[in-house]
Amino acid sequence: MAHSGIREIANEALRTPGAIRLDVGQPDFPTPQHVKDAGKRAIDENKTFYTHTQGLPSLRERLTAKLERINGISTSPENIACAPGGVGAIAAMLASVVEHGDEVLLPDPGWPNYRMMLPWLGARGVYYPCPPSAGFQPDLDALASLITTRTKVLVVNSPNNPTGAVYPVATIAAFVDLAQRHNLWLLSDECYDQILLDGAWTSPAKLAPDDARIATVFTFSKTYSMTGWRLGYLTGSSELIDTATKVLESNSSCVSTISQVAAEAALDGPQDCVNEMVSAYRRRRDTAVAILQDAELLIAEPAGAFYIMADIAPSGLPSRDFAFALLRERGVSVAPGTAFGSVARDAVRISLASSDADLREGVGRLAQFVHGRTD
């Protein structure tokens, strides 16, 4: 298993004084004050002991209400399991259903941690293309052709990391139909569910509420800028959650009680902070789009999450080489497209989770660097 290509460039950026960080997949906003205050009170009130492995009942009751209100998913506190971040929830789901020799369908481009989980499961990743020419929307015909008797799970990620693509309801319905016809598990990674820059998003579990083989993952990391608090959650059938709870018992016992109490405050408190962050990402998206359009490096305008892909093919460099050269020669750090698969090998991912000034300067330097190599 290779290390994450995102972490590789990020670690190099940490060693580069004054680097403009456009590689980081975390909000640049502080955790909202009322959430931090709740965490501090939890410590002072000695809420520092183990909880139920699935999470505080009071938190799961709040999550049940949130899922109904925001995502249109009807569930119960018993059918929710909290985990160490969205990554922990995804890992618990896959460990619950994947067996040695199984195949898992993953998006390309896609978040690298999916494929990093497969070696310790003894499974094989099979990658369905989401081509730049289609605005990074999935090629459903290509996807269908990849299904074999060993296919166990179909992973869907929208709003998407790294592309910012948001899939229309017709595409989601096609995913659900395909999974049902082939008796597949459908894992919907919705960690960016509330970071929508345009339009709307429909969860597979909303379209097929009675399908016991649909599992959905969320996180507090992106919505509330709580990446370091490490709290995500999984919802699905009672059988799946029971098995996922066993996985979580074996590797983490429970999520930090302090983080869970803070998460309750995030759900109960004012939501203006979410709207303010999304508005900032939308403004930054528009800034990056304008610069990349002017430089003829725009591939597609993202509708969700906080990323945008830039075409670096005119530079003549492979994306990994480009990313390290850009950092070394221009002091700007971006994630190479090859960190996410082969489809985006002529692109890099730019994070919109940086200051407006850094984004404007960093994307400008990137554009100059691409064209400086072609002059």
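The second largest cavity of the structure is lined by Lys66, Asp193, Gln194, Thr219, Phe220, Thr223, Tyr224, Tyr233 and Leu267. The structure is a predicted model, in which local features need pLDDT of at least 70 and side-chain atom pairs count only at pLDDT 80 or more, whereas totals for chains, interfaces and linings use all residues. Residues are numbered from 1 along each chain as its sequence is written, and side-chain values use heavy atoms, with hydrogens and water left out.

A cavity is here a set of points, on a 1 Å grid over the protein atoms alone, where a 1.4 Å probe fits but cannot get out, and its lining residues have an atom within 4 Å of a point. Grid points are joined across faces, edges and corners, and the volume is the space filled by probe spheres set on the points. By this rule there are 2 cavities of 30 Å³ or more.

The largest cavity has a volume of about 50 Å³, and its lining is made up of Leu106, Pro107, Asp108, Gly110, Trp111, Tyr114, Arg115, Tyr127, Phe340 and Gly341. Of these residues, 6 are nonpolar, 2 polar and 2 charged. At least two lining residues come from each of strand E3 (103–108) and helix H5 (112–121), helices (H or I, at least four residues) and strands (E, at least two) being DSSP runs numbered from the N terminus. E3 contributes the most, with 3 residues.

Aromatic pairs, defined as rings of Phe, Tyr and Trp (its six-membered ring) with centres within 6.5 Å, are stacked when their planes are under 30 degrees apart, edge-to-face when over 60 and tilted otherwise; the count comes to 12. The rings of Phe29 and Tyr281 have centres 5.8 Å apart and planes at 70°, so this pair is edge-to-face. Because Phe29 lies in the loop between strand E1 (20–21) and helix H2 (33–44) and Tyr281 in helix H12 (residues 272–294), the pair ties together parts that are 252 residues apart in sequence. With buried meaning under 20% relative accessible area, exposed over 50% and partly exposed in between (1.4 Å probe, protein chains only), Phe29 is partly exposed at 23%, whereas Tyr281 is buried at 1%. The rings of Phe322 and Phe369 have centres 5.4 Å apart and planes at 55°, so this pair is tilted. Phe322 lies in helix H13 (residues 319–330) and Phe369 in helix H14 (residues 356–372), so the pair ties together parts that are 47 residues apart in sequence; both Phe322 and Phe369 are buried. One aromatic cluster is formed by Phe29, Tyr192, Tyr281, Phe306 and Tyr307.

With a disulfide defined as a pair of cysteine sulfur atoms within 2.5 Å, the structure holds 0 disulfides. Cys130 takes part in none, the nearest cysteine sulfur, that of Cys191, being 17 Å away, and Cys130 is buried at 1% relative accessibility.

How values were computed. 1 Å grid on protein atoms, 1.4 Å probe; cavity = no way out; pocket = protein on both sides within 12 Å on 5 of 7 lines; lining within 4 Å. Nonpolar A, V, L, I, M, F, W, Y, C, P; charged D, E, K, R; others polar.
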